[in-house]
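Work through the exercises below with the model open beside you. Try each task before reading its solution.

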Amino acid sequence: MSVPQRATGVPALQGFRVGVTSDRRSEDLITALERRGAEVLHAPSLRIAVNESDASLIDDTRQLIAARPDFVLITTGYGMHRWLEVADVAGLGAELIDTLERSRVLARGPKALGAIRAAGLDEAALSDSETTASLVDAVVAAGPGHRVGIQLHGYTDEVQLARLREASASVHTVAPYRWAPANGDDRSQRLVDAVCDRALDALTFTSAPAADATLALARAGGRWQEFLAALRSDVITVAVGPVTAGPLIEAGIDVITPDRYRMGALIRLVCDRLNADRVRRYQPLVGGDADLLELRGQTVRVGDRQVRLGPTALALFRRLADAESAVLSREQLAEGLSEQADTHALEVAISRLRRSLGIPDLISTVIKRGYRMNVRRLTAPEIPCAQELTGS
């Protein structure tokens, strides 16, 4: 499969750095982002954990089979697969399949539905909105007095479970796995720091528990306000669906979600939004035929060269370029440096930025006033080959 590119031939996410918080299926997401040119920071805040002994799952399965439920609710494809595997090993596989065939099986999402049908259960139905609440709604709508079985996912929705118990004659739960904190893994703290330092362009979430856990890590690490400020301004926050986005929205973070709650749609949304909102192009006003400058996330493209800028150089470039040839004082530019920055540190940083860009006279020193970058920002109609992304 070819790598999705812009019309200019540059991979859709080249120059961008994207954070991935998922554990399960993270390899698929990371591979897809990297294929499109992104640098990925993977920091799962939760991990899937299974019990050292499956005795409780086997006992719960026996009780569910004995109850002969009218409805069985399946919330995740992974959970369904693991439940069937454990039942088979325990000699309960045939009885479980027979019980499910006699029940009305409802699936929360397409992955759960796929796992159900892979087991030969073709009569299963997909929920209306792919949420646990919609599964419970279907049971409630069927009237009181039903026996219900439910396969729990790693982060139990106690509110919906309480609704189900209130509306049913009996509820039998099975938990093939659970979520556990990613203790002892400092990647999560590095991710929080990267967000706060604006060293990420986008942060992705594929589950509400991971969103909750990431927010908790930011609180525990003492960078809560910085974390929120970054996600409300410079770092695009992307969730696979509204349920996943819930904890983030409650924290006051603007979250974008794809129209279809699928990983492929999430990836396309990341590509589209970063290219629409985080790519800026400038025409140098010096050097005659000097190459266009294109700011893409953490990098600047100068013609065919891609220049990776550190945090200080990137902050200086953005301030100078956005000023479009206006002079910025040393005090204004120093805000992009560390608190300990002085005049010498600023001069050194400007000198390094000049060398990195490699265009003579692009950054001018204005005596006793400051610096300016001799560029004009281009709008979309002026940009050669400015087109939408191709591919998915």
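**Exercise 1. Classify the aromatic pairs.**

Step 1. Count them. There are two aromatic pairs.

Step 2. Take Y78 and Y177. Their ring centres are 5.0 Å apart and their planes stand at 75°. Planes over 60 degrees apart count as edge-to-face, so this pair is edge-to-face.

Step 3. Y78 sits in helix α3, and Y177 in the loop between β8 and β9 (178-181). The pair therefore ties together parts that are 99 residues apart in sequence.

Step 4. Y78 is partly exposed, at 30% relative accessibility. Y177 is buried, with a relative accessible area of 3%.

Step 5. Turn to Y282 and F317. This pair is edge-to-face too, with 6.0 Å centre to centre and 80° between the planes. Y282 belongs to strand β13 (residues 279-284) and F317 to helix α13, 35 residues apart. Both Y282 and F317 are buried.

**Exercise 2. Describe the largest nonpolar core.**

Step 1. Start with its members. The core has 27 residues, and L293, F317, L320, L353, L357 and M373 touch the most other members.

Step 2. Name the elements that give two or more residues: β14 (293-296), β15 (299-302), α13 (311-323), α15 (343-357) and β18 (370-373). Helix α13 gives the most, with six residues.

Step 3. Zoom in on M373. Its contacts beyond four places in sequence include F317, L320, L357 and I363.

Step 4. Look elsewhere. Another core, of 26 residues, lies apart from this one; L191, L215, F227 and I253 are among its members.

**Exercise 3. Decide where to read the coordinates with care.**

Step 1. Take the whole chain. Its pLDDT averages 86, and 90% of the residues score at least 70.

Step 2. Over residues 383-392, pLDDT stays under 50. The model has 22 contacts beyond four places in sequence for these residues.

Step 3. Conclude. Where pLDDT is low, predicted coordinates should not be read in detail.

Terms used. Residues are numbered from 1 along each chain as its sequence is written. This is a predicted model: local features need pLDDT of at least 70, side-chain atom pairs count only at pLDDT 80 or more; totals for chains, interfaces and linings use all residues. Side-chain values use heavy atoms; hydrogens and water are left out. A nonpolar core is a set of buried Ala, Val, Leu, Ile, Met, Phe, Trp, Tyr and Cys residues joined through side-chain atoms within 4.5 Å. Buried means under 20% relative accessible area, exposed over 50%, partly exposed in between (1.4 Å probe, protein chains only). Helices (H or I, at least four residues) and strands (E, at least two) are DSSP runs, numbered from the N terminus. Contact means heavy atoms within 4.5 Å. pLDDT is the predictor's confidence in each residue, from 0 to 100. Rings of Phe, Tyr and Trp (its six-membered ring) pair if their centres lie within 6.5 Å; planes under 30 degrees apart count as stacked, over 60 as edge-to-face and the rest as tilted.
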